[in-house]
Amino acid sequence: MQQIFLFLYRLRAFILFLILELLALGIIFTHNSPQGAVYFNSSNKFTGRLLSSKNNFVSYFTLYSTNKALAEKNASLLNRLDRMTPVADSAYFALDSALSNNFNFWSAKVINNSINLSQNFITLDKGKADGVVDGMGVFNEQGIIGRVKGTSNHFSSVISLLHTDLLISSKIKKTEVFGSTKWDGINSNEAKLLYVPRHVKVEPGLEIVTSGYNAVFPEGIPIGKVKEVSHGSETNYLDITITLGADFSKLNFVYLVKNDFREEIDSLETEMVNPNQ
Amino acid sequence: MTTVKLLKYSFSFCLYFLIQVFILKDLVLFGYSFCFLYVFFLLSLPHEVPTISLLLIGFFIGLFIDMFYDSFGIHAASAVFLAFVRNTWIKVIMPTGGYDDNVPPTLLNMGLGWYIFYSLPLILIHHFIFFYIDSLGTDVYLPLVIRVFSSMAFTFLLGAIVQAIFYKKERVV
């Protein structure tokens, strides 16, 4: 017995090494999936506060480009508002009034961002107290940014589109062909459009937008433009490279979107898939 | 270890940590070359520090940095591995005559040749583990190799400069 203890004592460094390494790997594999809760991320109180004070300082350097982008967004919104306001003396029918109000929007500021790893995350300065919940979509005036993964009271952590596990349901705007946008981990300006069948004609320059099928994003938010089409190694699908609309290296203000009917849609779809439940 | 030394190392721990998460995190050259300067904190601890303490220090500095990098334990895993092999590696490359007591393994104390031999393999292992775990979701290998080697060069270069400027020579020749 004493021998065993002596043996274990001699191996104590190695045993501690195994324990710590397994602990670290455990953290990696439990928390690196797009679903599930997260603890050791930058949306907790301590990290969030430090990062937002750093961002307060650094954001002065990008004031010019931020203002420009916001002004552009304002202009396009004003244009749309103008088009949507009914003309006073003509008959006006709101055809889809039942669904017109199911998306709610928030704005938030990016306080932490990375683009160079294969699993990139973003931290925003809005959290539970502002009404942010898991699964909300994030985008800016240029395109899709990601999806909310974890929230604390005043901060939230977002899986960036530049995360190799995130799939965004999308379509080609002109032809209404569906696919999924996924980052391949190589270039922060480019992603792949997956699952587009080979018989579909796709030309460079076509716009890719969200499809509105996954109930996270409303339909028609820009994602990017087709850059290259080739017949890849997969037999059934085209290999499409798209240029992302959003410049991830210069994120500042973003919009959060929540679909009020998402739970209803999700539970309906789960019922369809598993009728027994 | 005396209290003064303990305070000195705690202070440099905080400094390495703050510089890593607030400055070096945003400094990625060409989109490939990262600088994980904090490994030099582990490398420059005195060689009398037992492996057990090294492991714990490595784990916690890694975990703190993970919080800011949003990398969930990847830094912790690679720093723990670095901490585990460091003392063994120091013993393997011991110069004839052994090490002097109370002389930490820094660039000026040990000379450039020994220091390259000491730090480069350890940095390489650390960076390889970090980028390998990070790239598990992808199936591309060339960016992994480029990242590992360019980051190793960047980290070593900046680390050596820091060693040359901020660490005093303690060995009496």
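Helices (H or I, at least four residues) and strands (E, at least two) are taken here as DSSP runs, numbered from the N terminus. On that basis, chain A holds five helices and 12 strands. The structure is a predicted model, in which local features need pLDDT of at least 70 and side-chain atom pairs count only at pLDDT 80 or more, while totals for chains, interfaces and linings use all residues. Residues are numbered from 1 along each chain as its sequence is written, and chains are lettered from A and ligands numbered from 1 in the order in which they are written.

Burial in chain A comes first. A residue is called buried if 20 or more other C-beta atoms lie within 10 Å of its own, exposed if 12 or fewer, and partly exposed in between, with C-beta atoms placed from the backbone. Chain A has 277 residues, and 34% of them are buried. Contacts were assigned where the C-beta atoms of two residues, placed from the backbone, lie within 7 Å. Of the chain A contacts between residues at least 6 apart in sequence, 60% link residues at least 24 apart.

Pairing of strands (at least two DSSP bridges between them) gives chain A a closed barrel. Six strands of chain A take part, in the order S6-S7-S8-S11-S10-S9, and their pairing is antiparallel. From one strand to the next, the twist averages 40°, with axes fitted as lines to C-alpha atoms (for helices, over the stretch in contact) and angles running from 0 to 180 degrees between N-to-C directions.

Several of these pairings can be followed in detail. Strand S6(A), residues 167-172, is joined to strand S7(A), residues 178-182, by five bridges in an antiparallel arrangement, and Leu167(A) faces Lys182(A) of S7(A). The two strands make a hairpin with five residues between them, and Glu176(A) in the turn has a positive phi of about 60°. S6(A) also pairs with strand S9(A), residues 207-210, through three antiparallel bridges; here Lys171(A) lies opposite Val209(A). S9(A) in turn has three bridges to strand S10(A), residues 222-230, again antiparallel, and Glu207(A) has Lys225(A) of S10(A) as its bridge partner.

Chain B has a helical makeup, with seven helices and zero strands. Of its 173 residues, 39% count as buried. Among chain B contacts between residues at least 6 apart in sequence, 71% join residues at least 24 apart.

One helix pair of chain B illustrates the packing. Helix H6(B), residues 112-134, and helix H7(B), residues 142-166, pack at an angle of about 140° with their axes 9 Å apart. H6(B) and H7(B) are therefore oblique to each other, given that angles under 35 degrees count as roughly parallel, over 145 as roughly antiparallel, 65 to 115 as roughly perpendicular and the rest as oblique. Residues making this contact include Leu120(B), Ile123(B) and Phe131(B) of H6(B), and Leu144(B), Met152(B) and Phe156(B) of H7(B). By class, the contact has 10 nonpolar, four polar and one charged residues; Ala, Val, Leu, Ile, Met, Phe, Trp, Tyr, Cys and Pro count as nonpolar, Asp, Glu, Lys and Arg as charged, and the others, Gly among them, as polar.

Finally, the two chains meet in a contact that takes 30 residues from chain A and 29 residues from chain B. On the chain A side, helix H2(A) (12-31), helix H3(A) (45-58) and strand S2(A) (119-124) each give two or more residues. H2(A) gives the most, with 11 residues. This side of chain A divides into 12 nonpolar, 13 polar and five charged residues.
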